[in-house]
Amino acid sequence: MLPQIETLLTPSGRVSLKALEHIALLCEAAEFAVFLRRPVLAGSGIQPGALAARPRHTPTPNATHLLSFEPAPEEEDVSSEALRLAIYPLIKEPGAPRAAHVFTIGRVSGNDLIIPDVVISKQHAIIELGEQQRFYLRDRGSTNGTRLNGERLDSQPRELHDSDILTFGRYAFSFLAPASLHARLTGA
C-alpha cells in the first residue's frame, strides 16, 4: 500500500527525490500515476544572466529599487544540484486554504511553491487545472517574468504539455506527467 502523496510534502511543497525513486521502483507506471495524481515540476537548472537594480514605478518607504534579472542569450542552464533534486507535485499541502484547482508560485509563504529568491515576485505565477486534466500557466505580473519553453508569458493562460520547460525568473523546471516522471526515476 502506497502512502498518500500529501504526507510526503515538505512545507515548501517539495517531495524527496529518494522517496519518489523508492516508490517508483515498487510499482508500475499506472499505479504511480494514481499515487501522484497530477504532474510535477522537476527542477532542471538556473539560467545564467545578470541582476540589475531598477527604480520602482510607485515609490514605497525603504524600497526604492527592484532587482531585475536579464537572462544571458543563447547559454545553457547553470548546473544546480540542489535544484535538480527538487520535485514539486502540483498538489496542495493538507489543509491549504486556497482552491484545489489553483497552484501558486512565489517568493513568500502562502504560495504552493515557494522560491525564496529576490528575482521571484511575491505572487509570481499560477498554474490552473482546467477541464479534462489540462493545466494552464500564466504570469501574475511578475517583475522578472515567467517563460514557457523560452517564450515570455503575459497574464493570458497557456496550456502546458509533458516535458515543457517553465522558467520563473532564473529558475527552470520541467513539467512532467506522472508516467514521464516514473520513466525517469526507474530508467525505463
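**Reading the salt bridges**

Modeller: Glu128 and Arg138 form a salt bridge in which the closest N and O atoms are 3.2 Å apart. The term denotes a side-chain nitrogen of Lys or Arg within 4 Å of a carboxyl oxygen of Asp or Glu. This is a predicted model, in which local features need pLDDT of at least 70 and side-chain atom pairs count only at pLDDT 80 or more, while totals for chains, interfaces and linings use all residues. Residues are numbered from 1 along each chain as its sequence is written, and side-chain values use heavy atoms, with hydrogens and water left out.

Biologist: How many salt bridges does a search of the whole structure find?

Modeller: The search finds five. Among them, Arg37 and Glu6 meet through their side chains at 2.2 Å, N to O. This pair links distant parts of the chain, 31 residues apart: Arg37 is in the loop between α2 (29-36) and β1 (40-46), and Glu6 is in the segment before α1 (17-26).

Biologist: Into which accessibility class does Arg37 fall?

Modeller: Buried means under 20% relative accessible area, exposed over 50%, and partly exposed in between, with a 1.4 Å probe and protein chains only. Arg37, at 40%, is partly exposed. Glu128 is also partly exposed, at 21%, and so is Arg138, at 23%.

Notes. Helix = DSSP H or I, 4+ residues; strand = E, 2+ residues; numbered from the N terminus.
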